[in-house]
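Student: I have a model open and would like to go through some of its local features. Can we take them one at a time?

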Amino acid sequence: MALTSFFSLPLPSLHKQFPSKYSTFRPIIVSLSEKPTIVVTQPTKLSTRTIPGDYGLPGFGPWKDRLDYFYNQGKNDFFESRVVKYKSTIFRTNMPPGPFISSNPKVIVLLDGKSFPVLFDVSKVEKKDLFTGTYMPSTELTGGYRVLSYLDPSEPNHEKLKKLMFFLLSSRRDHVIPKFHETYTELFETLDKEMAEKGKAGLNSGNDQAAFNFLARSLFGVNPVETKLGGDGPTLIGKWVLLQLHPVLTLALPKFLDDLILHTFRLPPFLVKKDYQRLYDFFYTNSANLFVEAEKLGISKEEACHNLLFATCFNSFGGMKIFFPTMMKSIAKAGVEVHTRLANEIRSEVKSAGGKITMSAMEKMPLMKSVVYEALRVDPPVASQYGRAKQDLKIESHDAVFEVKKGEMLFGYQPFATKDPKIFDRPEEFVADRFVGEEGEKLLKYVLWSNGPETESPTVGNKQCAGKDFVVMVSRLFVTEFFLRYDTFNVDVGTSALGASITITSLKKA
C-alpha cells in the first residue's frame, strides 16, 4: 500500500528500544546459514549531479508512467528499469494516479538507504496532506475532518491528536496480551477445523476478522460481534478504504477498465456513507472515556471519534491485515529448521515465565524478534513515503549529491531502500537471524517501516507511526502464539489488492 505511514495506535514504552542489487530485482529467498555481515563503505567526497529523468509531455507523460507502473512493468520493474536507465537511485518521474485525480504527479524518487531518511526529517520536508501521496481523498470520507495522518507536525491539532492516540493505548495496555490470546486462539481453532475438513485453510479472511475483533476488545473493551455491528466490521472497512485508496490500487480487472474506473476519476463518497456511519456509531458508543481525555486536550467528541475510527480501522487494522499474512509467507518459506528453532525458543521462554506470554518473556526471544524485524524489512507494510521540500536541499545517495528546490515533492519507495546492497549483505534474502546479537542490532536503524528508523521513537513533533511499538508487539504476539500451538506449516501464496493472499496447505500441531 502506497502510504506515508500506517498510523497504527500507540503503546509507548511497551518494550525497550533497540539502540538489491538494483540491476536485478530478484524474488525473495530465505536463508538461515552464513550469518549476514554489515556492509561498510569508506566515506568519499561525492560529486554534485543533476537529477536525471523527466516528466514527459503534460498529460501524456503522467498517463504513460501510470500505465507502466500498474500494468506494463509493475511497481518493482518500474523503478528498477529507471535506476538502470539513469544509473542513479535518485531520479525524476511521475507517480500515480496523475490525471484527472492528481493535479501534480511530479516527484523526485529516492531509492537507497542513504537518501531515504530525509523523508523523516520534518525540519526539511513538509507532510501536510501527503499521507496517500500526490492526491488526498475527500474529507467527506472522514466526517469532514483532516485526520491526524494528513497533518504536518507544525499544525496545532497534530500534537493534540497524537497525544490522544498515545493516551488510548497507554490506558488499555494491560488488555493487549490477554485479548490477543483470546481472539487469535479463536482464529487458530477455525483454521484447525478448516484444515480437518478441507485439507487447506485460507488465512486472510479469518485474520481480518480476528484483527478487528482484537482491536475492539483490547482498545475499546467491547466485542463487536455482540453489538449491532456484528461481524461486518472488516467488510465495511474494506469498502471505505477502497474509496480512499482506489487511485493507487488495481483490482485485476481488464487493463482499460481497471485504469478507467480506479485511476481516472474519484469514486463518490456517498457510495460508502451508510457503511461509514455504522462504523462511526460503533466507535462513538464505545469511546466515552476517550472523549473525556479529548475534551481535556481541546478536541471535540466528533473530531476525536473520526480520528479514533481512522487510526483503528485504516491504520491499525490495515497494518495487521497486510502484514500478518505477508510475515507468515516469509516464515513459511524459511522452512522447518527455522520453525523448529522458533518453537524451541518460544516454548522455553514461555515455560520459564510460568506458562504465560509476557513482555519480558518475549524480550528473551532473539530469533523471534529478529524474524519480525526481518519481515518488516523485506516486506514493509508501508511501501511509500512522501515529503515536500521546505527549502532548497542537497540530498546524498551513495554515489552523488543532488540539489532539490523548495516546493519539490520527494517520494521514497521503501522496499528498495530497505534492500540497499550497500547497507545489507544478501539484501534480497529473508535471513531469519539477521538482527540477532550486537552486530545484528546495529542494522535496526535501517528498518524504516514506521516512517522513521526502528531505533527512534514517535513524538508529537515527528511523523513516525505513533503505534510503532504496538505494531511490533502484536506481530511478536502472533509469531509467539502460533509457534506455541504449531511445529511447522506450509503455504501457497497468491496476490490481493493489499498484500499477499495466503492458503495454508499443511499445519503440524505441537
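**Patch, helix packing and backbone**

Tutor: Leu 260 is placed in helix H7, which covers residues 255–263. Keep in mind that this is a predicted model.

Student: Is Leu 260 buried, partly exposed or exposed?

Tutor: The relative accessible area of Leu 260 is 37%. Buried requires under 20% and exposed requires over 50%. Because 37% falls in between, Leu 260 is partly exposed.

Student: What is the area of the nonpolar surface patch that includes Leu 260?

Tutor: The patch is made by Phe 100, Leu 251, Leu 253, Phe 256, Leu 257, Leu 260, Ile 261 and Phe 265. One of these, Phe 100, is in the loop between S3 and S4. The area of the patch is about 790 Å².

Student: Which residue is joined to Phe 100 by a cis peptide bond?

Tutor: Phe 100 sits in the loop between S3 and S4. The cis bond there has an omega of about 10 degrees. The residue joined to Phe 100 by that bond is Pro 99.

Student: Which residue is joined to Pro 96 by a cis peptide bond?

Tutor: Omega of this bond is about 15 degrees. The partner of Pro 96 is Pro 97.

Student: How do H3 and H10 pack: parallel, antiparallel, perpendicular or oblique?

Tutor: Helix H3 spans residues 156–172 and helix H10 spans residues 301–334; their axes are 11 Å apart, at an angle of about 60 degrees. Roughly parallel needs an angle under 35 degrees, and roughly perpendicular needs 65 to 115. Therefore H3 is, relative to H10, oblique.

Student: Is the crossing of H3 and H10 left-handed or right-handed?

Tutor: The angle between these helices is about 60 degrees. The way H3 passes H10 is right-handed.

Student: Is Asp 129 buried or partly exposed?

Tutor: Asp 129 is in the loop between strand S5 (125–126) and H3. Its phi is positive, near 60 degrees, and Asp 129 is a residue other than glycine. Buried means under 20%. Asp 129 has 22% relative accessibility, so it counts as partly exposed.

Student: And Arg 426: is it buried or exposed?

Tutor: Arg 426 is found in the loop between helix H14 (414–417) and strand S11 (429–431). Arg 426 is not a glycine, yet its phi is positive, about 45 degrees. With a relative accessibility of 17%, and the cut-off for buried being under 20%, Arg 426 therefore counts as buried.

Technical notes
Residues numbered from 1 in each chain as written. Predicted model: local features only at pLDDT ≥ 70, side-chain atom pairs only at ≥ 80, totals over all residues. Heavy atoms only, no water. Patch = residues over 30% accessible without salt bridge, like charges linked within 9 Å, V, L, I, M, F, W, Y side chains within 5 Å. Areas by Shrake-Rupley, 256 points an atom, 1.4 Å probe, with all protein chains shown as cover. Salt bridge = Lys/Arg side-chain N within 4 Å of Asp/Glu carboxyl O. Helix = DSSP H or I, 4+ residues; strand = E, 2+ residues; numbered from the N terminus. Buried < 20%, exposed > 50% of the residue type's maximum accessible area, 1.4 Å probe, protein only. Axes fitted to C-alpha atoms, helices over the stretch in contact; angles between N-to-C directions. Parallel < 35°, antiparallel > 145°, perpendicular 65-115°, else oblique. Left-handed = near helix turned anticlockwise from the far one by under 90°.
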